[in-house]
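I opened the notebook to look up charged side-chain pairs and the nonpolar core, and these entries follow the order in which I checked them.

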Amino acid sequence: MVLHSGPFRGVNPLVTMVSIVLMVTFIAFAILFPQTTTELIDRGRTYVTFYFNSWYVGLAASFLVFLLALAFSKYGSLKLGAEHDKPEFGYFTWFAMLYAAGQGIGIIFWSIAEPIMHLSQGTPFSEAVGNGEAADVAMRLAYFHWGLNAWAIYCIVALSLALMAYRYGKPLSIRYTLYPILGEKVNGWIGNLIDIIAVFATLFGIATSLGLGVQQINSGLNYLWDVPVNRLVQVTLIAVITVLALISVLTGLKRGIKYLSQANMWLTFLLLAFFFIFGPTRYIIGGFLDSTGDYLRSVIPLSFYTGSNVTAANGADSWQDSWQGWWTVFYWGWWMSWAPFVGVFVARVSRGRTIREFILGVVGVSSLLSFVWLSAYGGTALYEELFGSGGISEAVSKDVSLALYATFSAMDLGVIGVLAGFFGTVLVATYFITSSDSGTLVITTILSEGNPHPLSRHRVFWGLMEGAIAAVLLLVGGTWALSTLQTAAILSALPFSLIMVLMGISILRAVQQDSLFCEKRSLKPVSEVKS
């Protein structure tokens with residue numbers, strides 16, 4: 001129940017207090033016992049990637065199949081809202097907002113690093129290393145990790161939220177996604193538990209991205225002005241950008257977040273144009289078409305690959321060093337930990353669209369934009385590594401966050417390359433701010449049980465909490481900060497993945513028994529609520 005007075009005015013006091021205690025306990029324990037925290041995180045990763053890798057892989061594949069079947073079924077024409085509702089945002093702004101929230105910092109960090117690492121280190125799918133065949137495999141896997149499966153994970157949460165909020169007038173809160181299954185029980189302890197899990201997953205998912213983003217910003221500042229690359233600089237950057245994010249989130253969805261998302265998209269287009277104009281244009285375009293076809297041919301077998309032979313041969317002790325655990329399981333866990341955040345945000349900006357339009361837009365168009373991005377960024381890096389001056393693999397092997405700037409250096413464009421590095425760093429920073437302010441807004445929306453305009457003081461507190469967790473994960477990780485960030489995402493996603501399964505069942509029940517559902521559960525479509 002949301003209180004209307006006191007220090008917890010505007011939020012559910014129980015969910016908020018439990019969430020605060022859990023987060024503060026984690027931060028305090030990590031600061032007091034950093035080595036123990038790192039060991040526990042590493043053990044947790046080993047356990048989850050060994051025993052639950054099939055669970056993560058199977059869920060991602062199942063979500064994609066389910067959503068595509070739903071989009072092209074007779075239920076695809078069902079509108080997320082009343083029949084007369086129109087979308088609040090145009091297509092350009094809609095795509096900009098959901099894409100900035102969904103994959104901004106992450107894809108800047110990994111769009112070059114992942115293909116280069118696959119090229120130089122090899123994969124289970126080919127014995128080729130450092131040649132054209134290895135480059136083809138590298139792009140196929142990058143497409144896979146940033147394509148349809150990833151956006152299907154986001155979409156399952158966003159659709160369940162939008163369906164219940166705009167079709168049936170329920171608050172935009174995670175607990176109400178299970179209303180078709182649990183009924184009024186979502187207003188009791190079960191609903192509180194669901195929201196706590198969602199807040200937990202969201203905080204660690206965002207902290208993972210913020211940690212990656214601040215490492216890349218630090219590398220960019222070093223590339224531009226020789227700013228030292230160290231934890232002190234990175235924690236300082238987290239503090240500065242967290243303050244900027246708070247300023248943005250306090251201006252609201254239709255001002256700060258909207259304009260920053262649009263700025264992100266224009267900067268994205270600017271850097272894409274840079275790679276297309278000054279990079280290997282013919283190679284990028286040809287690679288985009290080749291990799292898209294290769295991905296579409298391979299998406300089904302890749303979606304169900306679990307590396308079982310590796311598991312059987314090596315056992316739990318060495319499984320943490322295997323390809324599957326470091327790549328696919330990490331990505332699917334990361335997307336699941338981000339799913340409450342992205343789901344709430346995407347649902348908020350998607351009222352008035354049909355289920356078919358929603359699924360094809362969120363899953364299809366967003367994936368296509370990721371493919372273009374990967375081809376421009378990753379394709380340029382692969383070309384320079386194979387046919388140009390090289391050196392990118394060596395830089396990435398030392399520090400993954402150097403991937404973007406090593407590529408600019410390899411292109412050897414002088415002042416133009418430096419300017420590209422500057423705008424690249426600005427783009428990372430704006431995505432950082434957008435992810436942080438959007439995440440803050442979503443967390444406070446969950447805690448207020450769906451209030452679209454949570455109180456400013458709650459936004460400020462949870463914005464600071466996001467920055468604190470990101471800083472702690474970087475500090476306790478030390479030289480293994482990247483591994484610690486990845487592990488935090490995987491672990492925080494596990495409990496929420498169970499809720500996501502129930503969301504799929506809830507969506508199916510709601511659309512199959514639309515009129516009967518409204519009658520039996522006393523749910524009213526938005527059109528009736530308004531009247």
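I looked up Arg351 and found it partly exposed, at a relative accessible area of 26% (buried is under 20%, exposed over 50% and partly exposed in between, with a 1.4 Å probe and protein chains only). This is a predicted model, in which local features need pLDDT of at least 70 and side-chain atom pairs count only at pLDDT 80 or more, while totals for chains, interfaces and linings use all residues. Residues are numbered from 1 along each chain as its sequence is written, and side-chain values use heavy atoms, with hydrogens and water left out.

I then noted that Arg351 forms a salt bridge with Asp85 at 3.3 Å, N to O (a side-chain nitrogen of Lys or Arg within 4 Å of a carboxyl oxygen of Asp or Glu). Arg351 lies in the loop between helix H14 (328-348) and helix H15 (355-387), and Asp85 in the loop between helix H3 (53-71) and helix H4 (91-121), so the pair ties together parts 266 residues apart in sequence (helices are DSSP runs of H or I, at least four residues, numbered from the N terminus). Asp85 itself is buried, at 7%.

I next checked Glu357 and Arg353, whose side chains meet in a salt bridge at 3.0 Å, N to O; Glu357 is partly exposed at 23%, whereas Arg353 is buried at 2%.

Finally I turned to the largest nonpolar core, which has 174 residues, with Trp110 and Phe496 having the most contacts inside it (such a core is a set of buried Ala, Val, Leu, Ile, Met, Phe, Trp, Tyr and Cys residues joined through side-chain atoms within 4.5 Å). Helix H6 (residues 148-167) gives the most to this core, with 17 residues.

Methods. Helices (H or I, at least four residues) and strands (E, at least two) are DSSP runs, numbered from the N terminus.
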